[in-house]
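Here is a short note for a colleague meeting this structure for the first time. Please read the points with the model open.

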Amino acid sequence: MTKISLRTGSCLCKQVSYSFPSNAVVSAHHCHCKDCQKSTGSGKATIVLISDDALQIKGNIKYFSVIGSGGNKVSRGFCEACGSPLISSVEGYEGTKFIKAGSLDESSWISINSNFWSDTAMDWSPLDSSIDCFPQNPE
């Protein structure tokens, strides 16, 4: 029998925290789209996809929505107090939340499945060529 552990995360100031059971994890990816680059201030966002109904949040998250690189509405959630990026949702992926891997309290268990938006990856933040690369969002 597989033991189900609880995964936890928080913002920098600890006013927002979240948890979900390990069996709610669908997959993990690096997204190199221009929107993720801008919203993280880096070359990519590393995201963990989880089942929406498994996520428990404590504290207040402020959401900002844009039309993303793929044409879908993307809502990104940040801590109202410190601005840490935490959680996103994407139109067309209902039932799934995108957890920012850097906000996890412990993330050594993450195994990255693929790179999204490889066609806009920056040379200074290269793709991991040992995993699948999709030029944009996977179909």
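1. Two strands count as paired if DSSP finds at least two bridges between them. Strands 6 and 7 are such a pair in this predicted model. They run antiparallel, and seven bridges join them. One example is Tyr-63, whose bridge partner in strand 7 is Gly-77.

2. The protein has 11 strands and one helix. From the N terminus, the elements read β-β-β-α-β-β-β-β-β-β-β-β. The radius of gyration is 15 Å, close to the 14 Å that the globule rule gives for 139 residues, so the protein is as compact as a globular protein of that length. The C-alpha trace spans about 40 × 35 × 30 Å along its principal axes.

3. How much of the protein is buried? Buried residues make up 42% of the 139 residues. Among contacts with a separation of 6 or more, 50% are between residues 24 or more positions apart.

4. Look next at the largest pocket, which holds about 310 Å³ of space. It is lined by 22 residues, and the closest to its centre are Cys-31, Val-90, Phe-98, Phe-116 and Asn-137. By class, the lining has 12 nonpolar, seven polar and three charged residues.

5. Which elements supply at least two residues each to that lining? Helix 1 (34-40) does, and so do strands 3, 4, 7, 8 and 9.

Key
Residues numbered from 1 in each chain as written. Predicted model: local features only at pLDDT ≥ 70, side-chain atom pairs only at ≥ 80, totals over all residues. Heavy atoms only, no water. 1 Å grid on protein atoms, 1.4 Å probe; cavity = no way out; pocket = protein on both sides within 12 Å on 5 of 7 lines; lining within 4 Å. Points joined across faces, edges and corners; volume = space filled by probe spheres on them. Helix = DSSP H or I, 4+ residues; strand = E, 2+ residues; numbered from the N terminus. Nonpolar A, V, L, I, M, F, W, Y, C, P; charged D, E, K, R; others polar. Rg over C-alpha atoms; globule rule 2.2 N^0.38 Å. Buried < 20%, exposed > 50% of the residue type's maximum accessible area, 1.4 Å probe, protein only. Contact = heavy atoms within 4.5 Å.
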